[in-house]
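Here is a structure to walk through together, one question at a time. Have a look at it first, then follow the conversation below.

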Amino acid sequence: MNTLIVSGKTIEDAIKNGLAQWKVAEDRVTVRVLEKPSRGLFGLIGVRPATVELTLLEKPEAPAPAPSPAAEAKSEPAVPSVDAAAEAEAGAEGPDPIEEASRFIIDAARAMGLEVEVSVHKRKDTVTFDISGPDLGLIIGRRGQTLDSLQYLTSLVANRYSKHHLRIILDAEQFRERRKKTLEALADRLANKAVRNRHEVVLEPMTAQERKIIHAKLQDHPKVKTYSKGEEPNRRIVISVK
């Protein structure tokens, strides 16, 4: 056997694993990188090791005489060493942030026992990932809390590989639009309650995005005003009479 495929946390680790199995020095092999490593997020989800193929060079039967300077200049390029191959790999273009984010979403769903598909929609620096598949209620969670958490983690993954900041939005079964309409209806109802009772109405804690929807809905209301109080994650909106 003169080829060996091995894996490791990094390309260097994979190469070392192969050299240890063959018990040879690095100048006895050539290296071809089959897959770059992906550490995933916090080392928990989406972890992919580096995979390399080592090819064992034929051991020369006897040392060749030293070439003359003229012959050396005309000789073929030497086979790249392990270090040269690793350096070339390090200089290659990094993983695509959108692909890495999509893979993370699929891996996270699979960890929840779900098989999903992800479609991507790009608009300037905003990228929307639409998740489709069965039983998406598990991914959405109570009032979208699981979806919000997954969106935050996906944003970390995408921006880890991106050269400029990307705004990431995760959606499933048009939940974002349905949630927006629910919050706008809630804002109208509680504004009327504040006016009727002449008393402040304090909403339950919400995410910054949901608070923004409430503020926007009531910003032109003639009789009430809104403001936020408290610290994250328990920050709330207060609706008060003008």
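## Starting from one isoleucine

Student: Not counting residues up to four places away in sequence, which residues does isoleucine 98 touch?
Tutor: This is a predicted model, so we're reading what the predictor built. Leaving out residues up to four places away in sequence, the residues isoleucine 98 touches are Val120, Lys122, Val127, Phe129 and Leu166.

Student: Is isoleucine 98 buried or exposed?
Tutor: Isoleucine 98 sits in helix H4. Buried means under 20% relative accessible area. The relative accessible area of isoleucine 98 is 11%, so this residue counts as buried.

Student: How far is the C-alpha of isoleucine 98 from the C-alpha of tyrosine 161?
Tutor: Along the chain the two are 63 residues apart. Tyrosine 161 is one of the buried residues of H6.

Student: What span does H4 reach from its first C-alpha to its last?
Tutor: H4 covers residues 97–111, which is 15 residues. At 1.5 Å a residue, 21 Å is expected. The model comes close to that, with H4 reaching 21 Å.

Student: Which elements do the buried residues of H4 pack against?
Tutor: The buried residues of H4 include Pro97, Phe104 and Ile105. Their packing partners are strand S4 (117–123), strand S5 (126–132), helix H5 (137–140), helix H6 (145–161) and strand S6 (167–172).

Student: Which residue just after H4 takes a positive phi?
Tutor: Step past the end of H4 and check the backbone there. The phi is about 85 degrees, and the residue is glycine 113.

Student: And what do the buried residues of H6 pack against?
Tutor: H6 has 17 residues and reaches 25 Å, close to the 24 Å expected. Among its buried residues are Leu147, Leu150 and Val157. The buried residues of H6 pack against H4, S5, H5, S6 and H7.

Student: Now the sheet with S1 in it: what is the strand order?
Tutor: It's an open sheet of three strands with antiparallel pairing. The edge strands are S1 (3–8) and S2 (29–35), each pairing on one side only. From one strand to the next, the twist averages 25 degrees. The order is S1-S3-S2.

Student: Which residue in S3 is the bridge partner of leucine 4?
Tutor: S1 and S3 pair in the antiparallel sense over six bridges. In one example, threonine 3 has threonine 55 as its bridge partner in S3. For leucine 4, the partner is leucine 54.

Student: What angle does helix H1 make with S1?
Tutor: H1 (residues 11–22) packs on the sheet and touches S1, S2 and S3. Its direction makes an angle with that of S1 of about 135 degrees.

Student: Why does threonine 51 count as buried?
Tutor: Threonine 51 is in strand S3 (residues 50–56), and five of the seven residues of S3 are buried. Its side chain makes a polar contact with the side chain of serine 7 at 3.3 Å. Buried means under 20% relative accessible area. Threonine 51 counts as buried because its relative accessible area is 14%.

Student: In the sheet with S7, which residue in S9 is the bridge partner of valine 202?
Tutor: That open sheet has three strands in the order S7-S9-S8, paired antiparallel. Two bridges join S7 to strand S9 (residues 236–241). The partner of valine 202 is valine 238.

Student: What angle does helix H8 make with S8?
Tutor: H8 (residues 208–218) packs on the sheet, touching S8 and S9. The direction of H8 makes an angle with that of S8 of about 160 degrees.

Definitions and conventions. Residues numbered from 1 in each chain as written. Predicted model: local features only at pLDDT ≥ 70, side-chain atom pairs only at ≥ 80, totals over all residues. Heavy atoms only, no water. Helix = DSSP H or I, 4+ residues; strand = E, 2+ residues; numbered from the N terminus. Expected span 1.5 Å × (residues − 1). Buried < 20%, exposed > 50% of the residue type's maximum accessible area, 1.4 Å probe, protein only. Contact = heavy atoms within 4.5 Å. Polar contact = N/O pair within 3.5 Å; in protein donor to acceptor, adjacent residues only side chain to side chain. Pairing = 2+ DSSP bridges. Axes fitted to C-alpha atoms, helices over the stretch in contact; angles between N-to-C directions.
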